[in-house]
Amino acid sequence: MTENTSCSSKTGKDILGRIIDLYVQGIRSMRLGRTLWKIIAIKVFIIFFIFKLFFFPDMLNRAFDTDSEKAEHVLQVLTLQNQDEEIHQPSGDTGQKAGAMKKKPGPDAHGHPRVSDSNILSFQDKNHT
Amino acid sequence: MLEHIDLSTVNWARAQFALTAMYHWIFVPLTLGLSFLCAFFETIYVKTGKEEWKELTRFWMKLFGINFAIGVATGIILEFEFGTNWANYSWMVGDIFGAPLAIEGIAAFFLEATFFAVMFFGWNRVSQKFHLFSTWMVAIGSNLSALWILVANGWMQFPTGMAFNPDTARFEMKNFFEVVFSPYAISKFTHATTSGFVLSSFFVIAIASYYLSRKRHVLMAKRSIAVAALFGLVASLLLAFTGDEAAFIDAKHQPMKLAAMEGLWDGTTNAPIVAFGIVNGMKKPGDFNDPFVFDFKIPGLLSLLANRQPGSFVPGINDLVFGNSGQNITGVTDMIERGRLAVKYLGEYKNAKEAGDISRAANALAEFNKHESFLGYGHLKSPAEAVPPVSITFYSFHVMAAVGTAMILILALFLFYTMKGTIENAAWLYPLGILFFVLAFVAGEAGWVVAEVGRQPWAIQGLLPVSVARTDIAPVNVKLTFFMFLATFTLLLIAEIRIMLSQIQKGPKEVN
């Protein structure tokens, strides 16, 4: 039993030694690899120690301490928009847009409703350009 | 024209994400395909025992290593951007993306990192068979890594296997397998990986063509072309098949994207495919302008491809915006109304819960659940916001499809002349091999533009528009990092190209 344990531990050490040797010899014999590792090191430094540290904070973690505060904030954003607009009877400066939505001229030859030329403006989407 | 471009924070954040993702996608497809090509080359070496195949494998493996080294960690930047520019989105999807991305990390670490060392350091140090096994493991591991990020992307296109928790404002995973095996996850994975296989085949063909044109490493070049052309041709046919599948599921779940891809404004039976055309960029939903300045259409083909039924109805952008009762299509106009109800009742639920009014909270929640699937529409200010940029989607799709079709022909020609044994005489084909390597990159990037721009305004289809997903930060922050990335990425790309070119110039070791 003891013999077996010592034998298997010896084999284990052999395997570990061979793996370490593979890496050591491999790294020693690298030529192009050294240049590539330098590029990787510089890149990883820039990504993690410059970009991440100084330019890419986790905004929710920075602003809030607990998960419930973060949830509260996101729920706030999710429920804030359009709160001042009536769903069926829009008013204020958004009225034209919402009104245009509700105003559906008769269907065209393809079976879907048309909007008049004056209402087309309200459908313009800034993102489209 | 420039004055019409909306340079708000959300668009800068989108531009930054697009820049990072497109840059990342320069390296990823080469890794996906070249790893398999190396495995094929090495398998032939082990089977034949010929040293020429070993040197050939080592040469392509070296180029694979350069690409891998320069590309490594470029994807991590996307995760930084989530936390900074897309904080609301990041919070909401954390539960869904956690599992796939964790699996990706583990798979990448154990499969790639472990066997990668054996693949590069193990020549003559481990047995031939174990080395071959390691090469295959790197190929499988790389592609499996891609699976998980594409599952996450597929979920954004078609959110499934989850439920929205109104208390935590998070989408929570309910069925892992529904997420992993969703039609979009499968489609994204198969289409993206096959595109990588084709691109990598052209990478090998382009370099081999260069050698043939210079009468250098002729035997190695011919052998490389034989394997790459066969692999590329099979992959390009699969690419066409998976692309067709992707359009088919778009017709079911993202009909607006499909309509934009084809510039189809008014739905019709026997819908045509536009073989080529010039889009009228001034066209808006509901107007009477012609959709095209010029077009050449193939009648009926879109109906067949979208529904697998000749002559069937394919909805256009106007049908989807305004609805079409004849075809039982609910318009965005109505969805916005339901979305606003979802937003309203979610707010009521939140307020009632805070006030401790359990009964009012329960009622509000019940009402919210009725309209929950339209939540994202409640944040649109007009139905036109649900229409993606048609020109960009149309042209990107057509460039991708045209290049994809031509690639099949070019690969078939390379294979034909290789099989015939006259590839050395087909010098006219070499420039095409090099050109199509560049075009394969263009097609791959265009494909991502179709997939992502074509589903605007959504961060998560139908549930979360980008305008809500974003973080409320000053545009100057995003602009600054955008240009920092641009500079860093350009430098890295120059480094990669220079190192690659110097290794290509050196070429493989000749075996006497």
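Guide: Axes are lines fitted to C-alpha atoms, for helices over the stretch in contact, and angles run from 0 to 180 degrees between N-to-C directions. This is a predicted model, in which local features need pLDDT of at least 70, side-chain atom pairs count only at pLDDT 80 or more, and totals for chains, interfaces and linings use all residues. Residues are numbered from 1 along each chain as its sequence is written, chains are lettered from A and ligands numbered from 1 in the order in which they are written, and side-chain values use heavy atoms, with hydrogens and water left out.

Visitor: At what angle do helix 8 and helix 9 of chain B pack?

Guide: Helices are DSSP runs (H or I, at least four residues), numbered from the N terminus. Helix 8 of chain B covers residues 218-253 and helix 9 of chain B covers residues 255-262. Their axes lie 6 Å apart, and the angle is about 125°.

Visitor: Which term describes helix 8 of chain B and helix 9 of chain B relative to each other?

Guide: Angles under 35 degrees count as roughly parallel, over 145 as roughly antiparallel, 65 to 115 as roughly perpendicular and the rest as oblique. With an angle of about 125°, the two helices are therefore oblique.

Visitor: Is B:S396 buried or exposed?

Guide: B:S396 belongs to helix 14 (residues 390-420) of chain B. Buried means under 20% relative accessible area and exposed over 50%, with partly exposed in between (1.4 Å probe, protein chains only). Because its relative accessibility is 12%, B:S396 counts as buried.

Visitor: Which element gives the most to the lining of the largest cavity?

Guide: A cavity is a set of points on a 1 Å grid over the protein atoms alone where a 1.4 Å probe fits but cannot get out, and lining residues have an atom within 4 Å of a point. The largest cavity has a volume of about 40 Å³, and its lining includes B:A251, B:P255, B:L258 and B:A306. With three residues, the greatest contributor is helix 9 of chain B.

Visitor: Which elements give two or more residues to the lining of the second largest cavity?

Guide: The second largest cavity has a volume of about 30 Å³. Among its lining residues are A:K43, A:I47 and A:F51, together with B:T488, B:F489 and B:L492. The elements are helix 2 (32-55) of chain A and helix 17 (475-506) of chain B.

How values were computed. 1 Å grid on protein atoms, 1.4 Å probe; cavity = no way out; pocket = protein on both sides within 12 Å on 5 of 7 lines; lining within 4 Å. Points joined across faces, edges and corners; volume = space filled by probe spheres on them.
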